[in-house]
Amino acid sequence: LPSCMGSLKHPVPAASLDPAADRAKVGPMTATAEFIRGLPKAELHLHIEGSLEPEQMFEFGRRNRIDLAFGSVEEVRAAYAFSNLQDFLDIYYQGAGVLRTERDFHDLAMAYFRRVTADGCRHVELFFDPQTHTDRGLPFGVAADGLLAGMAEAKATLGVSSSLVLCFLRHLDEDAAFATLRAAEPWLDRIQGVGLDSSEVGHPPSKFARLFSAARERGLKLVAHAGEEGPPAYVWEALDVLRVDRIDHGNRALEDPALVRRLVADGMTLTVCPLSNLKLCVVDDLKAHPLKRMLDLGLKATLNSDDPAYFGGYLGRNWTETAQALNLPRADLVTLAKNSFTGSFLPPVAVAGHLADIDAYVSSNS
Ligand code: HPA
Ligand code: ZN
């Protein structure tokens with residue numbers, strides 16, 4: 001199958017692990033890129049396994065003595081031409097196979113936090129996929145403890161706050177998800193919420209109705225991927241059956257005006273991921289991305305990277321490329337930044353602090 005145009009026109013660029021070197025390569029920043037970098041913002045849709053750069057794949061593979069199916073970093077990058085979500089997921093689960101120790105997860109998280117703080121990110125709610133790791137024989141705590149250690153170090157050394165969202169793989173059955181929730185029990189005081197990811201079509205939210213109700217009883221926040229490839233009916237189910245606090249993606253909600261009215265009335269946050277949408281052929285040109293339309297309809301959209309190592313950009317690049325492609329006015333950029341905090345699971349006092357920082361930044365830069 002040929003790739004969609006989005007993948008052909010937007011190959012994943014080679015990114016070094018040094019954000020400063022990366023920026024130097026693209027030359028001086030435009031005024032908009034400079035404004036965006038200084039704007040306080042949060043990332044609410046980031047799969048930490050999707051931040052595994054090809055270089056790290058080889059590094060972790062080497063230290064864990066795992067033979068990779070690829071001969072070089074360039075070969076890995078060349079394989080990142082996807083026609084749809086499943087194409088990507090196949091290679092993403094394969095890549096995650098090099099993650100074996102707490103140290104791997106710690107290092108993965110720290111590398112991500114270094115990059116995203118260079119983009120002006122102040123807070124992250126990061127997804128991880130425990131079943132991808134427990135199904136390979138790793139105890140639940142290897143990923144959870146490694147990530148929590150990285151998150152604590154990032155807070156201490158980079159000043160970025162974060163919380164952890166446990167995502168269930170929707171292509172597996174609800175019993176497997178329940179087993180994962182039981183395995184997570186000792187960590188639930190350090191887990192903010194649960195999510196639903198992996199292959200969407202054929203795996204509607206209603207498949208996990210009992211699971212999400214059990215998670216809600218445990219006081220966890222609830223999110224679900226819906227309307228990335230799946231129909232508007234899946235977004236309705238996420239709202240009415242799972243009773244989620246946020247929708248991840250939500251693009252296809254725009255096909256249903258009654259659903260749009262409902263999302264607006266609820267003030268429901270959508271975690272939108274433009275470069276992901278481009279690479280997975282959800283849109284075929286960034287200029288055709290619905291983000292601007294979402295904002296104009298009154299939807300509470302946010303900008304996020306999803307799986308930055310696979311989709312050609314971390315948070316900053318999602319912001320700058322989308323701002324440029326859609327010609328977003330500053331007012332929209334400020335709205336997106338504010339939405340990223342008011343749509344977060346931070347306590348109100350922390351949200352208020354970030355909103356005040358945004359206001360101060362905007363008044364000193366206008
Ligand atoms: N969609 C569904 N599952 C995922 C994604 C995504 O964009 N990224 C990682 N797992
Ligand atoms: Zn996602």
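**Exercise 1. Find the residue just after helix 4 that takes a positive phi, and give the angle.**

Solution. Go to the end of helix 4, which runs over residues 54-63. Just after this helix comes Arg65, with a positive phi of about 55°. Keep in mind as you work that this is a predicted model.

**Exercise 2. Work out which residues of helix 4 are buried and what covers them.**

Solution. Step one: recall that buried means under 20% relative accessible area. Step two: apply this to helix 4, where Pro54, Gln56, Met57, Phe58, Phe60 and Gly61 are buried. Step three: look for the cover, which includes helix 5 (73-78), helix 6 (85-95), helix 7 (102-118) and helix 16 (308-311).

**Exercise 3. Decide whether the radius of gyration of the protein chain agrees with that of a compact globule.**

Solution. Start with the chain length, 366 residues. For the overall extent, the C-alpha trace spans about 55 × 45 × 45 Å along its principal axes.

**Exercise 4. Describe the protein chain as a whole, from its helices and strands to its surface.**

Solution. First, count the elements: 19 helices and eight strands. Next, take burial: 57% of the 366 residues count as buried. Then turn to contacts with a separation of 6 or more: residues 24 or more positions apart account for 77% of them. Finally, the accessible surface comes to about 14,000 Å², and carbon and sulfur atoms hold 54% of that area.

How values were computed: Residues numbered from 1 in each chain as written. Chains lettered and ligands numbered in written order. Predicted model: local features only at pLDDT ≥ 70, side-chain atom pairs only at ≥ 80, totals over all residues. Heavy atoms only, no water. Helix = DSSP H or I, 4+ residues; strand = E, 2+ residues; numbered from the N terminus. Rg over C-alpha atoms; globule rule 2.2 N^0.38 Å. Buried < 20%, exposed > 50% of the residue type's maximum accessible area, 1.4 Å probe, protein only. Contact = heavy atoms within 4.5 Å. Areas by Shrake-Rupley, 256 points an atom, 1.4 Å probe, with all protein chains shown as cover.
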